[in-house]
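User: I would like to learn how to read a structure like this one, feature by feature. Where should I start?

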Amino acid sequence: MKLRPLYLLLLCALGAAFPVLASEEQAVAARSSAFDLAGAFSANDGYKLRDGFYATPLKPGEAKIFKVNLYAGNSYWFCVAAVPAAGAMEVVLSDENGKPLPIQQYHDGSRAAAGITAAYSGSYYVKITLTGEKSSEVSTVCLLYAYK
């Protein structure tokens with residue numbers, strides 16, 4: 001009978017661990033998918049992957065904004081992937097004043113990319129929105145970018 005409280009405590013601890021593991025697995029899968037997309041630009045067009053990445057949970061209909069520093073004259077591709085797939089994604093780049101910039105776009109289900117050549121060195125903003133309404137489930141979104 002003394003084992004019963006210990007057993008319940010163990011079950012609670014295991015139950016709390018599974019959402020964390022699922023989230024970590026989603027982050028790894030999203031990063032892998034974004035790397036696959038960025039790899040196409042690297043292998044085919046000579047882009048180099050920038051160190052680091054951003055990963056965050058995101059619900060359909062919500063948006064996240066990331067600040068990035070770009071250098072004048074360099075070309076960039078911002079690659080985004082969501083796991084689990086939540087439908088379409090939108091990637092918008094803005095200047096330091098929040099004005100949307102003209103970009104090249106690529107969409108492939110739960111992945112998207114936006115390309116731009118920086119007009120000046122400085123801060124830019126990347127806005128990612130899950131536009132699909134497949135579900136209300138939270139997806140893990142990963143952003144990384146390549147330059148040349």
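**Reading the chain feature by feature**

Analyst: Strands (E, at least two residues) and helices (H or I, at least four) are DSSP runs numbered from the N terminus. This is a predicted model, in which local features need pLDDT of at least 70 and side-chain atom pairs count only at pLDDT 80 or more, while totals for chains, interfaces and linings use all residues. Residues are numbered from 1 along each chain as its sequence is written, and side-chain values use heavy atoms, with hydrogens and water left out.

User: What are the elements of the chain, and in what order do they run from the N terminus?

Analyst: The chain has one helix and nine strands. From the N terminus on, the order is α-β-β-β-β-β-β-β-β-β.

User: How do I read burial, and is R111 buried or exposed?

Analyst: Buried means under 20% relative accessible area, exposed means over 50%, and partly exposed is in between (1.4 Å probe, protein chains only). R111 counts as buried because its relative accessibility is 18%. Of the 148 residues of the chain, 34% count as buried.

User: Which residues does R111 touch?

Analyst: A contact means heavy atoms within 4.5 Å. Not counting residues up to four places away in sequence, R111 touches S33, D36, L37, V80, A81, M89 and Y106. A polar contact is a pair of N or O atoms within 3.5 Å; within protein, one must be able to donate a hydrogen and the other to accept it, and residues adjacent in sequence count only if both atoms are side-chain atoms. For R111, a polar atom of the side chain lies 3.2 Å from the backbone oxygen of S33.

User: How many salt bridges does a search of the whole structure find?

Analyst: Side chains of opposite charge can pair when their charged atoms come close. The rule for a salt bridge is a side-chain nitrogen of Lys or Arg within 4 Å of a carboxyl oxygen of Asp or Glu. The search of the whole structure finds one. In a salt bridge, the side chains of D108 and R111 meet at 3.0 Å, N to O. D108 counts as partly exposed, because its relative accessibility is 33%.

User: How do I read strand pairing, and how many bridges join β6 to β7?

Analyst: Two strands pair if DSSP finds at least two bridges between them. Strand β6 (residues 104–108) is joined to β7 by five bridges, and the two run antiparallel. Within this pair, Q104 stands opposite G115 of β7. The hairpin of β6 and β7 has two residues between the strands, and there G109 takes a positive phi near 60 degrees.

User: Where is the cis peptide bond?

Analyst: Look at omega: the bond joining V83 and P84 is cis, with omega about -5 degrees. P84 is found in the loop between β4 (75–83) and β5 (89–94).

User: How is a nonpolar core defined, and which residues of the largest one touch the most other members?

Analyst: A nonpolar core is a set of buried Ala, Val, Leu, Ile, Met, Phe, Trp, Tyr and Cys residues joined through side-chain atoms within 4.5 Å. The largest has 22 residues, and L70, F78, M89, V126, I128 and V141 touch the most other members. At least two residues of this core come from each of β3 (63–70), β4, β5, β7, β8 and β9 (139–147). Apart from this core lies another, of 13 residues, among them A38, F41, A113 and C142.

User: How many disulfides are there?

Analyst: A disulfide is a pair of cysteine sulfur atoms within 2.5 Å. By this rule the count is zero. C79 is in no disulfide, and the nearest cysteine sulfur, that of C142, is 9.8 Å away. C79 is buried, with a relative accessible area of 0%, and C142 also counts as buried, at 0%.

User: What does S123 touch?

Analyst: S123 lies in strand β8, residues 122–130. S123 touches K67, V68, N69, D95 and E96, leaving out residues up to four places away in sequence. The side chains of S123 and N69 are joined by a polar contact of 3.3 Å. S123 is buried, at a relative accessible area of 16%.
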